[in-house]
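Please examine the sequence and the three-dimensional structure shown below. The report that follows describes how the parts are arranged.

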Amino acid sequence: MQNLDTLLSRYDFLESLIQTAEQNRNDIYTAQRQRLAKVLEKFFTPEEGDTIKYSHSSIQVYPTGSDDSFINIYVNDSWNDDEEKEYTGLYVSNYSFRTDDMSEWIVERFEKQAHYARIAVDFQDDIVAEMNQVLSENRELLLNIYSDLSEMKKEIKQTTEQIDAIRKEARMNALMSDEGLEIEGVEKERWNGETYREFPDLQVKFDWILRSIRGLRIDKVSASGKSADITVKMKRWDYIKQAEVLTDEKIERVRMDKIDQFLRFNQLA
């Protein structure tokens with residue numbers, strides 16, 4: 001088994017490679033969405049008095065200065081037999097529309113809807129073909145990135161498991177030493193700016209929790225390895241001395257999974 005420093009260096013290196021690959025993937029998707037929007041922009045030109053918002057898969061047409069679109073045209077997509085995304089056609093989705101009377105602007109609205117719908121009908125095949133060409137040009141590059149990411153994530157998972165195994169062994173060695181494992185606690189800050197150290201709690205039985213643990217030692221492990229007798233170092237109030245003192249408390253048959261959970265949760269390597 002490799003040593004811990006080597007594994008940690010490998011983990012950092014893999015993490016850096018994964019971040020770079022994911023950023024490259026995101027950059028490709030961003031550029032791809034921009035190119036897809038440009039395809040729609042090429043075919044759908046706003047009429048006088050209109051504003052069009054383009055995305056990679058839709059257009060929304062508004063009267064200039066309004067927040068309410070009067071026609072939305074979307075590009076439908078699906079996954080083909082090769083499990084590749086492809087665009088298949090256009091469709092229209094509009095909000096419900098109701099007026100209190102009949103006016104000329106209503107006729108103009110429907111005429112404009114018909115204008116943009118006619119573009120969609122007449123150029124649907126061309127739009128879909130150009131958008132699929134954009135997808136095709138990026139597909140192989142993205143597949144290579146996803147393949148590399150899969151391998152790197154597999155390796156970083158294995159590296160993490162090795163690191164955890166080494167740290168677990170180190171924890172157990174410390175716990176079973178004569179001195180046991182000393183717990184330093186975590187520095188915290190009070191509302192007034194003063195600092196103090198917070199120490200973790202250990203659940204030794206389902207209805208028994210020991211608070212503010214300063215140290216932990218395994219005295220004996222059961223034959224099955226599923227439980228252990230332990231010594232816990234804690235601070236208690238000594239009424240005779242009128243002060244806090246460190247004391248040892250011995251507890252029998254504490255489940256090993258509770259001990260390991262305590263160590264991992266509090267990052268005690």
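Leaving aside its neighbours within four places in sequence, with which residues is I73 in contact? The contacts of I73 are F44, S57, S58, I59, L90, Y91, V92, Y116 and A120, where contact means heavy atoms within 4.5 Å.

This is a predicted model, in which local features need pLDDT of at least 70 and side-chain atom pairs count only at pLDDT 80 or more, while totals for chains, interfaces and linings use all residues. Residues are numbered from 1 along each chain as its sequence is written, and side-chain values use heavy atoms, with hydrogens and water left out.

**The sheet**

Four strands form an open sheet in the order β1-β2-β3-β4, with antiparallel pairing. Strands (E, at least two residues) and helices (H or I, at least four residues) are DSSP runs, numbered from the N terminus; two strands pair if DSSP finds at least two bridges between them. Because β1 (50-54) and β4 (85-92) stand at the edges with a single partner strand each, one side of each is left without a neighbour in the sheet. On average, neighbouring strands of this sheet are turned by 20 degrees against each other, direction ignored. Strands β2 (residues 58-63) and β3 (residues 71-79) run antiparallel and are joined by four bridges.

Axes are lines fitted to C-alpha atoms, for helices over the stretch in contact, and angles run from 0 to 180 degrees between N-to-C directions.

| Helix | Strands touched | Angle between directions |
|---|---|---|
| α1 (residues 4-43) | β1, β2, β3 and β4 | about 150 degrees with β1 |
| α2 (residues 104-175) | β1, β2, β3 and β4 | about 170 degrees with β4 |

**The nonpolar core**

A nonpolar core is a set of buried Ala, Val, Leu, Ile, Met, Phe, Trp, Tyr and Cys residues joined through side-chain atoms within 4.5 Å, and buried means under 20% relative accessible area with a 1.4 Å probe, protein chains only. The largest such core has 22 residues, of which F44, I73, Y116, I127 and M131 touch the most other members. At least two residues come from each of α1, β2, β3, β4 and α2. Helix α2 gives the most, with eight residues.

**Helices α2 and α3**

Helix α3 (residues 256-265) packs with α2 at an angle of about 110 degrees, and their axes are 12 Å apart. The two helices are therefore roughly perpendicular to each other, a term that covers angles of 65 to 115 degrees. In this packing, K168, R171, M172 and L175 of α2 meet M256, I259, D260, L263 and R264 of α3.

Terms used
Buried means under 20% relative accessible area, exposed over 50%, partly exposed in between (1.4 Å probe, protein chains only). Angles under 35 degrees count as roughly parallel, over 145 as roughly antiparallel, 65 to 115 as roughly perpendicular and the rest as oblique.
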